[in-house]
Amino acid sequence: TDAGFTDALIAWTKQKETKRGFAVYTAELYSRGLIPEATMAAFVKTVVDDLRDSIRHPRTPPTEEHVDHLVRFLAAVAPKVKEVKPMVAGLLAVPRPETPSLCMKSRFKLEDVAKA
């Protein structure tokens, strides 16, 4: 019933799609040699560090969504960046009670990344 709800929903959806697109685009640029390996490794390290902190926060919808965005980035770049798998394995080693914001959907995606 809120007049601005539709606009807010559209803006949120666009932001979500932009984040997904950035991950895929970055991975593609890296695979074509347009982003140096050191830069891509720094991107991945930043995302993993942020994810490591975020999964420990109390579970809220915004936190879960943020975690999901980070997991999607890692899933998009994992096939092309070899440093992702060991970092993801380290995240999965953290006991579940210590990661309230890592929902099962995101955990399964991380497990798929670690296995691939």
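## Leu110 and the nonpolar core

Leu110 touches Leu51, Val71, Leu74, Val88, Leu92 and Leu102, leaving aside residues up to four places away in sequence; a contact means heavy atoms within 4.5 Å. Leu110 also belongs to the largest nonpolar core, which has 25 residues. Leu51, Leu74, Val77, Val84 and Leu110 are the members with the most contacts inside this core. The elements that give two or more residues to the core are α1, α2 (37-54), α3 (61-77), α4 (84-92) and α5. Of these, α3 gives the most, with six residues.

A nonpolar core is here a set of buried Ala, Val, Leu, Ile, Met, Phe, Trp, Tyr and Cys residues joined through side-chain atoms within 4.5 Å. Buried means under 20% relative accessible area, exposed means over 50%, and partly exposed lies in between, with a 1.4 Å probe and protein chains only. In soluble globular proteins, nonpolar side chains tend to be buried together.

## Basis and confidence

This is a predicted model in which local features need pLDDT of at least 70 and side-chain atom pairs count only at pLDDT 80 or more, whereas totals for chains, interfaces and linings use all residues. Residues are numbered from 1 along each chain as its sequence is written, and side-chain values use heavy atoms, with hydrogens and water left out.

The predictor's confidence in each residue, pLDDT, runs from 0 to 100. The chain averages a pLDDT of 88, and 97% of the residues score at least 70. Confidence is lowest in helix α1 (residues 5-31), with a mean of 78, and highest in helix α5 (residues 104-115), at 94. Where pLDDT is low, the predicted coordinates should not be read in detail.

## Overall architecture

The chain contains five helices and zero strands, giving the order α-α-α-α-α from the N terminus on. Helices (H or I, at least four residues) and strands (E, at least two) are DSSP runs, numbered from the N terminus. Along the principal axes, the C-alpha atoms fill a box of roughly 50 × 35 × 20 Å. Among contacts with a separation of 6 or more, 68% are between residues 24 or more positions apart.

Of the 116 residues, 32% count as buried. The accessible surface comes to about 7000 Å², and 63% of this area belongs to carbon and sulfur atoms; areas come from the Shrake-Rupley method with a 1.4 Å probe, and for residues only the protein chains shown count as cover. The chain carries 18 positive and 15 negative side chains, with the centres of the two sets 4 Å apart. Lys and Arg count as positive and Asp and Glu as negative, while His and the chain ends are not counted. Each charge is placed at NZ of Lys, CZ of Arg, CG of Asp or CD of Glu.

Thr26 is placed in helix α1 and counts as buried, at 2% relative accessibility. Apart from residues up to four places away in sequence, Thr26 touches Ile35, Met40 and Phe43. Met40 is in helix α2 and is buried because its relative accessibility is 0%. Met40 and Gln15 are 25 residues apart in sequence, and their C-alpha atoms are 22 Å apart in space.

Val47 also lies in helix α2 and counts as buried, at 12% relative accessibility. Beyond residues up to four places away in sequence, Val47 touches Leu70, Phe73 and Leu74. The C-alpha atoms of Val47 and Glu65, 18 residues apart along the chain, are separated by 14 Å.

Gly90 is found in helix α4; at a relative accessible area of 37%, Gly90 is partly exposed. Its C-alpha atom is separated by 16 Å from that of Val67, 23 residues away along the chain.

Ser106 is found in helix α5 and is buried, with a relative accessible area of 0%. Not counting residues up to four places away in sequence, Ser106 touches Val67, Asp68 and Val71.
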